[in-house]
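Please look over the chain below before reading the notes.

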Amino acid sequence: MLDKFPLSEHKKAGILNLNDSHATRIKNLASRIDGKVVVVGSLNADLTVVAERLPNPGETVHGGALQILPGGKSSNQAATCAKLGARTTMIGAVGKDGNGDLLVSSLDALGADTSHIRQLDVPTGTAMITVDEAGENTIVISPGANGEVTKQTVRDSADAIKDAAVLGLCLEIPMDAIIESARIAHDAGTTVVLNLSPYGDVPDELLQLTDILIVNEHELAGVTGKALGPVDKDDPVDKDDSWRQAEDRLRELGISTTVVTLGGEGAYLLDRGKHTPVAPLPVEVVDTTGCGDSFMGTLMAALASDLTLEEGAELASVVSAIAATAQGAQSSYIDRESLLKLG
């Protein structure tokens, strides 16, 4: 079971240095979360070691104690949604082993519906994570049961997808299952949110079924084939031709709404010709593992609860920044109760 991330930890990280108006706005947004989200994808046991620095190729470095924590991009997103108060369903697969039990029980404890997680006679997916003193990480994933999620797995849970307001997808399960999930959601009018991570080429069909694309700068360059110039905090699309070309290419691919995450620089929204920067929340970084997942999970919970894209991204910027101030992924995510005490 995951413990709540205590408010005292937020204070240590300087999180409560939000000005009164910002804190009030964030609390108002958080109080409105109540929508239905379904996440189809990966569940991994995160095998995490903290070291003074990341090793170079062929090098061995000493690290601290091994921690086994619940993770996986999709599971992290579902955990974020559930912690924020969204009615959350997770669809995926784990092994019949201790790691699988950990992942299911952790989501159960957060109030997520885990009845659509299959337990198979294969090892649970794992992620081997090294974190340095600056909070940066390297991750190697072994898919395990995640590689056994099929089109039929998704079809067996079609009613859960149709019943949700928002579907969350990333690229840690087989592509056939991802596309089938998107088709079912698209036909039912469920908003499809796709994160192109871990990055790889995807069929045009998947992009055409996507309502909101979430990418970082490298993923945006990959999907559009456009090398991007430096980010201008005011409006990179208006001030840099490479960004304008990337936006044009997204439209050609059928994507009208894109959220570009920029790490410590916040995020940038490209929404039907409207460009909106999302300011970051400065924090003392401890571990960036799972921060992007907490951003996506928060955005999905917000959209499912009828918040605007701008409101959801503003809330997501705060939640993901807070996640960077503690060790681990799901264990670092703030819950609704603590958010409502900010300020």
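The notes that follow describe a predicted model. Residues are numbered from 1 along each chain as its sequence is written, and side-chain values use heavy atoms, without hydrogens or water. Local features need pLDDT of at least 70 and side-chain atom pairs count only at pLDDT 80 or more, while totals for chains, interfaces and linings use all residues.

**Confidence**
- Over residues 1-8 pLDDT stays under 50, and the model has 19 contacts beyond four places in sequence for them; contact means heavy atoms within 4.5 Å.
- Residues 10-14 also have pLDDT under 50 throughout, with eleven contacts beyond four places in sequence.
- Where pLDDT is low, the predicted coordinates should not be read in detail.

**Largest pocket**
- The largest pocket has a volume of about 1,300 Å³, taken as the space filled by probe spheres set on grid points joined across faces, edges and corners.
- A pocket is an open set of points, on a 1 Å grid over the protein atoms alone, where a 1.4 Å probe fits, with protein on both sides within 12 Å along at least five of seven lines; lining residues have an atom within 4 Å of a point.
- Its lining has 43 residues, and N216, T288, G290, C291 and G292 lie nearest the centre.
- Among the elements giving two or more residues to this lining are β10 (212-216), α9 (217-224), α12 (291-304) and α13 (309-323); helices (H or I, at least four residues) and strands (E, at least two) are DSSP runs numbered from the N terminus.
- The largest share, four residues, comes from α12.
- By class the lining has 18 nonpolar, 18 polar and seven charged residues, where Ala, Val, Leu, Ile, Met, Phe, Trp, Tyr, Cys and Pro count as nonpolar, Asp, Glu, Lys and Arg as charged, and the others, Gly among them, as polar.

**Helices α12 and α13**
- The two helices α12 and α13 pack at about 145°, with axes 8 Å apart; axes are lines fitted to C-alpha atoms over the stretch in contact, and angles run from 0 to 180 degrees between N-to-C directions.
- Residues of α12 in the contact include C291, F295 and L299, and those of α13 include L309, A316 and A323.
- This contact has eleven nonpolar, five polar and no charged residues.

**Backbone**
- The peptide bond from S197 to P198 is cis, with omega near -10°, and P198 is in the loop between β9 (191-195) and α8 (204-208).
- R272, in the loop between β12 (267-271) and β13 (274-278), has a positive phi near 55°.
- Most residues other than glycine have a negative phi, and most peptide bonds are trans.

Terms used
pLDDT is the predictor's confidence in each residue, from 0 to 100.
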